[in-house]
Each structure stands twice: as structure tokens, then as C-alpha cells.
Amino acid sequence: MRVVFAGTPEFAVPCLRAAARSADVVAVYSQPDRPAGRGRQLSVSPVKAEALARGLTVMQPENFKSSYAKDALREFQPDLMIVVAYGLILPQSVLDIPRYGCWNVHASLLPRWRGAAPIQRAIEAGDTRSGVCLMQMEKGLDTGPVLLSLETPIHPDDTGGSLHDRLSALGAEVVEDGLKLLQLGIRPVPQIQSAEGVTYAHKLDKAEARLDWSQPATVLAAKIRAFHPWPICEAEVSGERLRLHAAQALPLNHHVAPGTVLAATRSGLDIACGEGALRLISLQREGGRPVTATDYLNARSHLRST
């Protein structure tokens, strides 16, 4: 089985490893190297780094608009192309090149959370379950029929990071399962996605990470979990901007303005919200490192409750 793999971030690396265990990966496509870090040095993607470590051929076209890019893919004579968080839209002329078309691993239970940020949007919305789908790609955005899927619960303490890692591992499982079936001559049966329950996971924006204390505490707590480890939620507390790493919603009744400090103890820093209160457990001052609420209050003793 000649497979071309296309992916870019860390999420896709376990899927590349699974593909390499189960098939002959003849080429790996990844986004072009981008400037990163304070020095803005060119940085290779996690998928490219994994491919180079395995001695695999790496291709990094800007897009597939040119006939040259399509011809280069065609020369690999792929039976199948596996796409995982690649970051480029593939035109139909590319989807048609591999003998079995293109498979995509998507980090949601389709048709819920099509789009760019399904992991974070699921947590933000308060979903209790998530999963991965192995999908036969077509021209639409995450609209193709589902071949295989695996489900996992979203735990109350899950963050965007913890759910990301769990779904990444499940993605590798569906890739390996799908390839084994195909090599046995069994093509996974495509299940057309339902027209009901479609939601879109819009790309994360740093501006969304600024908390509005007039919202319910449960909403803010879910956003803090969803936006960790990126972009990290921010809020103003007693005139200071803080980055919030962990928090808990409290069903407190109060009659003060949202954003007011209700209590500051070893348990955390309790902030009044539009409904209930948010207990800040781990936070970070500008230019500092993440600390517990206790350590933060040691530096700002005037906030501590008596």
C-alpha cells in the first residue's frame, strides 16, 4: 500500500507513525517552514521533523494550484493519501489522484464541530463527549462520509491540551484500523453525515481569550479549560491583567458588580460573575510564570481575605 501522508502539527504525528507501521509511506507533505520564536528563525513542523527522522521524503508546496504540484504528487503513484491537520485545502483534482482517494482524520464526532478548532469548541460548549472520525474527503469542509470513528468522554477537568492528546492517540488508532481493513481488501463502508446537528468550530482568535466577568461563571470556567494551553484566557483582577490557567465555577449568590473580588484565601481567588463566582486556582502575572493563587496572594497580601 503506497501512502502519501499530509499533516503539520503535533496532533498529526501519532497518525504518521501509525501509517508508517501499516503501509509504505512514500512521501510526507507538510506546511512550509515558518518563522517562530523571539528570533523568528525558520522552524520545521512536528510532522516534518518526524518524517526526516524516519528518512522519509518531505514535500512542502505552498498550495496545489499549480500543475507542477499536482504532477509531483501524481509521480508518487499513491494508493491513498491520509490527511491530518495539514492546513491546506485540497482541490478535487488532488483528491482524485490517489487510487482510493484521500482520508482525513478529524477531531470531532461529525457532523458536530466541522472546521478548524473542534477540540476547543467542544469543551467551550460544555460537550460531554468527543472523538475522532476517519472521513473520505470531498470538496466540502469536513462534509465527507465517515468511514470509522472512536469516541471518548470529555471529563470535567479536561483542557484543550489533555483532550488534544487523547484524540491524537485515537486518530492513530483509526488510521491503523482503516489501513488494515484496506490491505485485507475490505473498504470501510462510508456513512453519509446527517444533515442535522451540524456545527462549525471557528478558528481560535486571541481576542476571544479576554474574559467578560458579566458572563456566567460556568461559561468562563469552560473557556479557561478550552483555551489552555493556547491562547490562554486573560482577565483584569483588581486593576491587574492576569493570565488564567485553572479555575472553578462556584454556584454563589451575590449582589455585587461582576469582576469584584469576593474572597481571597488559600483555596483561591473568588471573582463575582454575572451568575455565580469564578475561583482562580492557577494564574500568571505579566512577565511572570504560572503560580498558585496562594503564591499570588503572598505577593499581593492586601487582597487576602481576613
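Helices here are DSSP runs of H or I with at least four residues and strands are runs of E with at least two, numbered from the N terminus. The model is a predicted one, in which local features need pLDDT of at least 70 and side-chain atom pairs pLDDT 80 or more, while totals for chains, interfaces and linings use all residues. Residues are numbered from 1 along each chain as its sequence is written, and side-chain values use heavy atoms, with hydrogens and water left out.

I then noted that the axes of α1 (residues 13-22) and α2 (residues 46-53) come within 9 Å and cross at roughly 30°; axes are lines fitted to C-alpha atoms, for helices over the stretch in contact, and angles run from 0 to 180 degrees between N-to-C directions. That makes α1 roughly parallel to α2, since angles under 35 degrees count as roughly parallel, over 145 as roughly antiparallel, 65 to 115 as roughly perpendicular and the rest as oblique.

Which residues make the contact between them? I listed Val13, Leu16 and Arg17 from α1, and Pro46, Val47, Glu50 and Ala51 from α2, where contact means heavy atoms within 4.5 Å.

Next I traced the open sheet, whose 7 strands follow the order β5-β2-β1-β6-β7-β9-β10 with mixed pairing; two strands pair if DSSP finds at least two bridges between them. β5 (58-59) and β10 (146-153) stand at the edges with a single partner strand each, so one side of each has no neighbour in the sheet. I found β9 (residues 129-136) joined to β10 by 7 bridges in an antiparallel run, with Ser130 opposite Thr152 in β10.

I also checked the helices lying across strands: α1 lies across β1, β2, β6 and β7 and runs at about 150° to β2, while α3 (residues 67-75) lies across β1, β2, β5 and β6 and runs at about 165° to β2.

Turning to β12 (residues 233-237) and β13 (residues 240-250), I saw antiparallel pairing over 5 bridges, with Glu234 opposite Arg243 in β13. The two strands form a hairpin with 2 residues between them, and Ser238 in the turn has a positive phi of about 50°. β13 also pairs with β16 (residues 277-285), antiparallel over 8 bridges, and Ala249 has Leu278 in β16 as its bridge partner.
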